[in-house]
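Let me put the structure up, and then I'll talk you through it.

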Amino acid sequence: METTERQHYWLPVPDRTGFHWHRHAFRGKHWDGRSADTSVCGVQCAMANPSELDWFQSPTCSDCMELLISEQSGTGSTEGEQ
Ligand SMILES: [Zn+2]
């Protein structure tokens, strides 16, 4: 039951105000240094190299978490994503 094709990684990113950080999931193996990407939950994020404090202080995005869980369990897909 191992699905390695749907890889993702987590990265703390600031929201549009720059004050609130969340740890979103992104498609791919790891962050490759790009300056922006769309998270699993569909938010356009500005990316930067996070500090240890960012990792510590950023709450995990529950939308990303639920999407990944539903993907892994094979249920809850409402958009017919391929
Ligand atoms: Zn998210």
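I'll go from the overall layout to one strand, then to one residue, and finish with the core.

One thing before we start: this is a predicted model, so keep that in mind throughout. The protein has two helices and four strands, and if you read along the sequence you get β-β-β-β-α-α. It has 82 residues, and 16% of them count as buried. As for contacts, take those between residues at least 6 apart in sequence: 38% of them join residues at least 24 apart.

Now the hairpin. Strands β1 and β2 pair in the antiparallel sense, over seven bridges. There are six residues between the two strands, and in this hairpin Gly18 takes a positive phi near 85°. If you want to follow the pairing on screen, find Pro14, which stands opposite Trp21 in β2. Then find Leu11, whose bridge partner in β2 is His24.

Let's stay on β2. In a regular strand, side chains alternate between the two faces of the sheet. Here, which residues of β2 point to one face and are buried? Those are His22, His24 and Phe26.

I'd like to pick out Phe26, which sits in β2, residues 21–27. Why does Phe26 count as buried? Because there are 20 other C-beta atoms within 10 Å of its own, and the cut-off for buried is 20 or more. And what does Phe26 touch? Leaving out residues up to four places away in sequence, Phe26 touches His8, Tyr9, Leu11, Asp37, Ser39 and Val40. Take Leu11 from that list: Phe26 and Leu11 are 15 residues apart in sequence, and C-alpha to C-alpha they are 7.6 Å apart in space.

In soluble globular proteins, nonpolar side chains tend to be buried together. In this model the largest nonpolar core has nine residues: Trp10, Leu11, Val13, Phe26, Val40, Cys45, Cys61, Cys64 and Leu67. The elements giving two or more residues to this core are β1, 8–14, and α2, 62–73. Which one gives the most? That's β1, with three residues.

Last stop, Leu67, which is one of those core residues. Again setting aside residues up to four places away in sequence, Leu67 touches Val40 and Cys41. Val40 also turned up among the contacts of Phe26.

That's my tour, so over to you.

How values were computed: Residues are numbered from 1 along each chain as its sequence is written. This is a predicted model: local features need pLDDT of at least 70, side-chain atom pairs count only at pLDDT 80 or more; totals for chains, interfaces and linings use all residues. A residue is buried if 20 or more other C-beta atoms lie within 10 Å of its own, exposed if 12 or fewer, and partly exposed in between; C-beta atoms are placed from the backbone. Two residues are in contact if their C-beta atoms, placed from the backbone, lie within 7 Å. A nonpolar core is a set of buried Ala, Val, Leu, Ile, Met, Phe, Trp, Tyr and Cys residues joined through C-beta atoms within 7 Å. Two strands pair if DSSP finds at least two bridges between them.
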